[in-house]
Amino acid sequence: MPSPATVRPEPGTCRLHADMPLTVDGPPEAAALARRFLASLGEAGNTPPNTTETTWFSVRAAVDGPPGGYALHVTEQGVTVEAGDVEGVSGALTVLRQLLPDQVWRRAGVPSGGWTVPCGTVSDAPAYGWRGAMLDVARHFLPRTAVLRYVDLLAAHRYNRLHLHLTDDQGWRVESRLHPRLHEVGAWRPSTRLGPDGVPDGTPHGGYYSLDDLAEISAYARSHGIVLVPEIDVPGHTSALRAAYPELGRPGEEQAVLDTVWAGGSSISPTEPVAAFLRDVLGEIVDATGAPYVHLGGDECDMSWWADDPAIAAEMAAHGYTEPRQMHGHFLRGLGGFLAGRGVRMIVWDEAFVTGGVLPDTIVMAWRGHEVAERAARTHDVVRAPLFPTYFNFDQSDLPEERRSEGGPITLADVAAFTPAPPEWPAELRSRVLGAQWQVWSEWVPHERHLDYLAFPRACALAEVLWRGGVDDPAAFEDRLRAHLPRLDALGVEYRPPGGPRPWQAGGTGAWRRTGPGRIEETRKWVESISREP
């Protein structure tokens, strides 16, 4: 899971154990992956006599082939992994682990003498180069250990991008040593209310990642063939930033009060002093992570006050602009140019594409539906992230016992039917679709257990779509998913069973009770309407 392209079984079996002699031709990350895999097979020295003399483990991580592709050869004498990069090595070892009993996914319980795997060859490569997941750690913070665990879970399904939404109206989640009030003030709120009509709970909530934490997450992800994509969302969704530095927002406006409410309705000034401030912050993040991509947001920005602000008006005049939205594009292009000078590629949500906040090589992350994605693909690389069916914060059925969420349903079948590059698009536009990713926005996701419930098993279906190019046989996929769920059990994933939530996952009769039927049709119409904005 996801299914490989070519599988050729052969007679015989091979015994895998921690004492297998290891040879690696490739970068240090490939060697580290192989050593970790062997170590997970049990403690060294606990294998039967002569076993270490008869089997070996070989990794070649510098062969020609597509990114993420691999060939796995298992014979009675040993195992050979051939790949062109660390991502391919990670994928091959994941498939090898899936060929073993489910118990191998647990942290202990190794049988005496190691594991037995059937002989054969698996050859494979992904259909899409961008196979991602976005975790919103701004609305509800996830500790570093939870993020590292999700690196493991993504690697176990051959995802290769981890997008962290680090800032929003409800919290700023990364340290800044140059502007420390960002994390000292913006990283916590005194209370949380669920939804715009919710009652404040009076309980402080917060947290942030130090730059060392972010460096660790990035390095750990990279060692699993996964690229970290940090997001600093500007110039909208900036209440936490303005709580820390109110002078960066609307003059005379009171300091922002952090709370959990729905998105939008805030902004900072799109002027050069604010851009210089953000260049400091972006530089710190790039230095810490070595990230090849940085997401700058650009979505749902309140520009209503920009035309009346003298400083913004002066910059507009200096650049010959007549509309505030031109400053939105100008501001993002300037930050993108700074990133480009650091060798970093800029990503934005599709609203920034509409306002011209893109450079020629900017990646447009299209969330507002099919039409805006197609428009963006005429000129730019696109990552598909449509609300339907990749917003996994929406619930998974119309069952009344489902836990309260932002809307829905988005079912497992909906995800499995998704086509990132629609066949009706011209070939040139299809070629610009890098891939897709799922999102969990966390207004209604207070902790890691609920994240598991929303993400899985829908993440399994999207993994299949992105790796194979689609789910050609839904019945066969369902069969393989049933076989895969015990692996999730072994990994400790508190997924939603396909038949419905477990009793403790349901909404009950309290604050988490489902308040009505799914709202997916009205949400679709809203997304379609905003995606047609000029």
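**Close-up views of a predicted model**

**View 1. R131 sits in strand β7 (residues 130-136).** Helices (H or I, at least four residues) and strands (E, at least two) are DSSP runs, numbered from the N terminus. This is a predicted model, in which local features need pLDDT of at least 70, side-chain atom pairs count only at pLDDT 80 or more, and totals for chains, interfaces and linings use all residues. Residues are numbered from 1 along each chain as its sequence is written, and side-chain values use heavy atoms, with hydrogens and water left out. R131 counts as buried because its relative accessibility is 2%. Buried means under 20% relative accessible area, exposed over 50%, partly exposed in between (1.4 Å probe, protein chains only). Leaving aside residues up to four places away in sequence, R131 touches residues including R158, Y159, A436 and W467. Contact means heavy atoms within 4.5 Å.

**View 2. Strand β17 (residues 381-384) has buried residues pointing both ways.** D381 and V383 point one way, V382 and R384 the other. Strand β16 (residues 363-366) runs parallel to β17, joined by 4 bridges. The chain passes from β16 through helix α12 (residues 370-377) to β17, a right-handed β-α-β crossover. Right-handed means that, with the strands pointing away from the viewer, the path from the first strand over the helix to the second runs clockwise. M365 has V383 of β17 as its bridge partner. Strand β18 (residues 433-440) also runs parallel to β17, with 3 bridges. Here R384 is partnered by A436. Two strands pair if DSSP finds at least two bridges between them.

**View 3. T55 lies in the loop between α2 (51-54) and β3 (56-60).** T55 is buried, because its relative accessible area is 5%. Its side chain makes a polar contact of 3.2 Å with the side chain of H17. Beyond residues up to four places away in sequence, T55 touches C14, R15, H17, M20, P21, E76 and Q77.

**View 4. C119 is a buried cysteine, at 5% relative accessibility.** A disulfide is a pair of cysteine sulfur atoms within 2.5 Å. By this rule the count is 0 disulfides. C301 counts as buried too, at 15% relative accessibility.

Note on methods:
A polar contact is a pair of N or O atoms within 3.5 Å; within protein, one must be able to donate a hydrogen and the other to accept it, and residues adjacent in sequence count only if both atoms are side-chain atoms.
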